[in-house]
Amino acid sequence: METDAKRHLSGFAERELGGVRYFTGGDGPPVVLVHGLGGAAANWRLIAPALAAGRRVLVPDLPGHGGSAPTVDGATLDPFADAVLAVLEAEDALPAAWIGHSFGGLVGLHAAARRPESVTGIVLAAAAGISSATRVGEVAVTLIGHVRPGRLIAPRRRQVARSRLGRTLAFGWWAVADPAGFEPEMAEAFLIGPAEHTDTLTAGRALVAGDPRRDLERVACPCLCLWGANDKWVPLRDGMEYARRLGAPLRAIADCGHLLIGERPEAVLAAVVDFLGSLD
């Protein structure tokens with residue numbers, strides 16, 4: 001059966017390993033694309049197929065998200081990093097470059113700190129973790145995990161995505177700089193996951209459990225910090241701090257919010273392709 005996520009990752013094969021659903025396509029040096037909190041593999045619909053033209057691309061649903069079973073190993077980053085690394089190991093795709101959006105970037109940093117030989121480089125696309133570790137961030141993430149607003153919208157995702165008002169209500173302020181101009185198919189791709197999620201609260205608790213800055217000195221691989229200049233959810237100042245502490249370049253995309261991988265895919269792709277080329 002063809003799933004929503006598969007329809008949005010054209011040409012990718014759907015697989016499962018230990019309760020983790022993932023998609024794979026292309027051939028060449030391996031790269032893994034990891035979505036954010038409350039996201040799913042379909043979030044990469046405008047990035048993954050383009051990268052698969054010259055690389056082997058793996059796109060997992062994190063535990064508790066999309067078609068992946070929830071973790072039973074507690075609210076830490078370990079089971080999320082281990083789930084992705086297990087997929088890469090099973091696919092003989094280690095070491096790999098890591099492109100992580102929001103929470104996915106934080107998980108990538110954790111994987112690189114724990115298993116440096118497995119990660120060749122990381123693109124931190126609006127990576128969460130710094131502002132999230134504040135008390136305000138903890139309250140916001142916990143509240144969203146309990147209320148799960150995306151699940152209320154998911155059954156009507158097509159109508160919402162194709163309505164200017166619907167996109168504004170669903171993605172205004174926090175997600176994109178121009179919700180009225182957000183591509184309807186991309187908006188729908190961000191609304192697919194919540195219909196399938198079984199446990200995003202554990203990931204949210206892992207996100208706010210600690211301060212990632214304590215472990216950044218253990219990240220030895222090259223990094224790129226990539227941010228939406230108008231990101232109101234994970235502010236640009238977080239990107240500046242990550243860049244400073246990692247000794248990494250920072251690229252800010254104008255007129256772009258938190259969901260940069262969907263709102264400005266061309267700019268994201270250009271930056272990612274340049275970065276991956278520097279690793280080859």
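Reply: Let us begin with the pocket. The element α4 supplies the largest share of the lining of the second largest pocket, 4 residues. This is a predicted model, in which local features need pLDDT of at least 70 and side-chain atom pairs count only at pLDDT 80 or more, whereas totals for chains, interfaces and linings use all residues. Residues are numbered from 1 along each chain as its sequence is written, and side-chain values use heavy atoms, with hydrogens and water left out.

Me: How is a pocket defined, and what volume does the second largest pocket have?

Reply: Rolling a probe the size of a water molecule over the atoms shows where empty space is left. On a 1 Å grid over the protein atoms alone, a pocket is an open set of points where a 1.4 Å probe fits, with protein on both sides within 12 Å along at least five of seven lines; lining residues have an atom within 4 Å of a point. Grid points are joined across faces, edges and corners, and a volume is the space filled by probe spheres set on the points. Here, the second largest pocket has a volume of about 270 Å³.

Me: Which residues and elements line the second largest pocket?

Reply: The lining has 18 residues, and L77, H110, G210, P212 and D215 lie nearest the pocket centre. Two or more residues each come from α4 (103–114) and α10 (201–208). Helices (H or I, at least four residues) and strands (E, at least two) are DSSP runs, numbered from the N terminus. By class, the lining has 11 nonpolar, 4 polar and 3 charged residues.

Me: How does strand β5 pair with other strands?

Reply: Two strands pair if DSSP finds at least two bridges between them. Strand β3 (residues 30–34) runs parallel to β5, joined by 4 bridges, and L33 has I99 in β5 as its bridge partner. On β5 and strand β6 (residues 119–125), 6 bridges are found, again in the parallel sense; A96 is partnered by V119 in β6. The chain passes from β5 through α4 to β6 in a right-handed β-α-β crossover. Right-handed means that, with the strands pointing away from the viewer, the path from the first strand over the helix to the second runs clockwise.

Me: What lies beyond in the pairing of β6?

Reply: β6 is joined to strand β7 (residues 223–228) by 4 bridges, and the two run parallel. A125 faces H101 and also stands opposite L226 in β7. Since 6 of the 7 residues of β6 are buried, this strand is largely enclosed by the rest of the structure.

Me: How many disulfides are there, and why is C223 in none?

Reply: A disulfide is a pair of cysteine sulfur atoms within 2.5 Å. The count is 0 disulfides. The closest cysteine sulfur to that of C223 is in C221, 4.4 Å away, which is too far for a bond. C221 is buried at a relative accessible area of 14%, and C223 is buried at 8%.

Notes: Buried < 20%, exposed > 50% of the residue type's maximum accessible area, 1.4 Å probe, protein only. Nonpolar A, V, L, I, M, F, W, Y, C, P; charged D, E, K, R; others polar.
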